[in-house]
Amino acid sequence: QQARIIVDKTFRIAEVDKRIYGSFIEHLGRAVYGGIYEKEHPTADSRGFRNDVKQLIQELGVPIIRYPGGNFVSGYNWEDGVGPVEQRPRKLELAWRTTEPNWVGTNEFAAWAKEIGSEVMMAVNLGTRGVDEARNLIEYCNHPGGSQWSDLRRQHGFEQPHRIKTWCLGNEMDGPWQIGQKTPAEYGRLAYETAKAMRLVDPDIELVSCGSSGSSMPTFPEWEAITLDYTYEVADFVSLHQYYGNRDNDTPNYLARTMDMDHFIRTVIATCDYIKAKKRSKKTMYLSFDEWNVWYHSNDADSRIDPWGIAPPQLEDIYNFEDALLVGSMLITFLKHADRVKMACLAQLVNVIAPIMTEEGGRVWRQTIYYPYLHASRFGRGVSLNPIIESPVYDAKDYTDVPYLDSAVVYDEENETLTLFAVNRHLEDSLALTCDVRGFEGYGVAEHIVLQSDDLKAVNSADQERVKPHSGGDASLQDGYVQALIPKASWNVIRLA
Ligand code: AHR
C-alpha cells in the first residue's frame with residue numbers, strides 16, 4: 001500500500017499552543033494519594049510528594065495540569081483543603097463515593113505544580129456552590145494580600161499569590177451524574193455571574209465555559225449553543241471531553257474513533273461561530289479539550305470497589321498497544337485543529353486512566369500511552385502545518401472512507417526542524433510513504449521513531465516494558481522527498497533537521 005504527503009512552510013494552520021499537551025490530576029482513586037503524594041515513600045520530598053513521579057512528569061513536559069476535578073470539584077469545599085493539615089476535615093466524597101482526607105489541597109498542589117514547571121488549570125465548584133465560593137477562592141489564590149482571603153493564604157504559609165491564570169467554570173454540568181447538574185440556562189446564568197465576579201477580583205484570568213461531557217450527550221450541541229449565548233463575552237474557551245473504548249474488540253473501528261473526535265471539534269467550532277455571528281462579536285472562542293483519553297478497561301473492576309475507602313484503586317486502566325495508537329491519533333487530531341484547540345488535558349496523569357503508574361512504596365512505570373504523549377509534547381511544538389494526504393481508505397462499522405494513514409506535521413521555525421507524526425491504522429500491511437518536503441532545503445532525517453508491536457493487546461507493567469519505542473525506522477530523504485516504511489499498526493515520528 002502506498003501513501004503520499006505534500007507539506008510546505010506556507011501550509012500553516014497555526015502556532016501550536018503548548019498547552020494542548022496538558023494533563024489532569026483529580027482527587028480520585030490513587031491520583032493524588034499514592035500517586036503524586038505518598039508521605040512514606042522513599043523518594044518523598046519534605047512535603048510528601050514523590051520525586052520519582054515528578055521526574056516522569058517532567059520528562060513528559062506537561063505545561064498545564066487541571067485540578068482538583070473532574071466530578072470531584074462539584075462537591076468540593078476548597079476551604080477544607082487549606083490551613084493546618086491536622087485540622088482539616090475528613091469528608092464523604094460523593095462523586096466517587098470515597099473518603100477525602102484533605103491531606104493535599106490548593107496550596108500543596110500549586111507549590112508542587114510550580115516545582116515541576118507546570119501551570120495549574122483550576123476548576124471552581126458550580127455544582128453545590130457558586131459565585132461566592134469562586135470569588136473567595138480566586139482572592140485566596142491570586143490576590144497579593146491585605147484582604148480576608150489573601151491574608152488567610154499568607155497565614156497558611158504562602159506569602160506570594162499563586163497567580164493561577166486559567167480557571168474552569170465548573171465541570172461537566174450537563175451530566176446527570178454530576179452533583180448539582182444544571183440545565184443549560186441555569187448553567188449559563190451561573191457561569192456568567194461567576195465569571196463576572198472572578199474577573200472583578202483578577203482581570204487577567206482566562207475562563208473556560210463548560211461544554212458537553214462528550215459528543216454522544218443527548219443535549220450536544222444545544223448545550224453549547226444555549227450556554228455560550230450567556231458566557232460568550234466572559235469566557236475565553238469552551239470545554240470538550242471525550243473518552244473512547246474498544247468494548248466490542250473491533251480494532252479497525254476503534255482506531256477510526258478520531259473521525260468522531262474530529263467531527264466533535266468541528267461541530268463545537270461551528271456552534272461557537274454561530275454564537276459569534278448572532279452576537280455580532282469580534283471575539284473568537286477557543287476550545288479547551290480538557291479531558292480526553294481511552295477509558296474502559298477498568299469499568300468492571302470499579303463496580304466491585306467498596307465505597308468510602310481512602311484512595312482506592314479506581315479507574316486504573318492498564319493500556320495496551322492499540323490504545324497507544326488511538327492516543328497518538330487523538331494527538332494528531334489536536335494538531336490538525338491547532339488554530340482553535342488551544343488547550344487539552346490528557347485525563348489523567350498518574351494511576352487514574354493515566355500514562356504513569358505507581359506501586360505503593362515502590363516503583364513508578366510508563367504505560368503504553370505514555371510514549372505518543374511524550375513524543376507529541378517533546379517534538380510537536382512550533383507551527384502546525386496542513387499536510388496534503390493521499391492514503392488508501394477502509395470502511396469500519398461506524399465510519400466510511402477512513403484513511404489508513406493519519407498524520408500531522410509540526411514545523412519548529414526557531415530550531416529549523418520538521419516533525420511528521422503518523423499512525424498506520426492498517427492491521428496487516430505497511431504503508432510505503434512518500435513525503436514531498438521540497439520546500440525544506442538542506443534538511444536530512446534526524447530520527448525515525450517507531451512504536452509497534454505484533455500484539456495489539458500487549459501491555460506494560462512495573463516488571464516488563466513490552467511496548468516501547470525504538471529509533472530504527474527506515475525514513476530517508478533524497479531530492480526533497482522522504483521515503484519511509486510505516487509499519488502495520490504503528491505510531492511514527494519522523495524528525496527532519
Ligand atoms: O476523568 C474522570 C472523570 O471523567 C472526570 O471526573 C469527569 O469530569 C469525567 O466524567
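Where does Pro68 lie? Pro68 lies in the loop between β4 (64-67) and β5 (91-93), where helices (H or I, at least four residues) and strands (E, at least two) are DSSP runs numbered from the N terminus. This is a predicted model, in which local features need pLDDT of at least 70 and side-chain atom pairs count only at pLDDT 80 or more, while totals for chains, interfaces and linings use all residues. Residues are numbered from 1 along each chain as its sequence is written, and side-chain values use heavy atoms, with hydrogens and water left out.

**Backbone geometry in loops**

- The peptide bond that joins Tyr67 and Pro68 is cis, with omega about 0°.
- A cis peptide bond also leads from Phe220 to Pro221, its omega being near 0°, and Pro221 is located in the loop between β9 and α6.
- Glu172, in the loop between β8 (166-169) and α5, has a phi near 40°, which is a positive value in a residue other than glycine; with a relative accessible area of 7%, Glu172 is buried (buried means under 20% relative accessible area, exposed over 50%, and partly exposed in between, with a 1.4 Å probe and protein chains only).
- Leu315, in the loop between α9 and α10, likewise is a residue other than glycine with a positive phi, near 55°, and at 4% relative accessibility Leu315 counts as buried.

**The open antiparallel sheet**

- Six strands form an open sheet in the order β2-β15-β19-β20-β25-β22, with antiparallel pairing (two strands pair if DSSP finds at least two bridges between them).
- The edges are taken by β2 (12-15) and β22 (445-452), each of which has a single partner strand, so one side of each is left without a neighbour in the sheet.
- From one strand to the next, the twist averages 20° (axes are lines fitted to C-alpha atoms, for helices over the stretch in contact, and angles run from 0 to 180 degrees between N-to-C directions).
- β22 is joined to strand β25 (residues 490-496) by seven bridges, the two running antiparallel, and Ile449 stands opposite Val493 in β25.
- Helix α10 (residues 321-336) lies across β2, β15 (383-385), β19 (405-412), β20 (417-424), β22 and β25, and runs at about 55° to β19 (contact means heavy atoms within 4.5 Å).

**Parallel strands around β8**

- Strand β7 (residues 119-124) and β8 run parallel and are joined by four bridges, with Val124 standing opposite Leu169 in β8.
- β8 also pairs with β9 in the parallel sense, over four bridges, and here Cys168 stands opposite Val208 in β9.

**Buried helices**

- In helix α6 (residues 222-231), the residues Trp223, Glu224, Ala225, Thr227, Leu228 and Thr231 are buried, and what covers them includes α5 (184-201), β9 (206-209), β10 (237-244) and α8 (257-278).
- Helix α11 (residues 370-379) has nine of its ten residues buried, so α11 is largely enclosed by the rest of the structure; among these buried residues are Tyr370, Tyr371, Tyr373 and Phe379.
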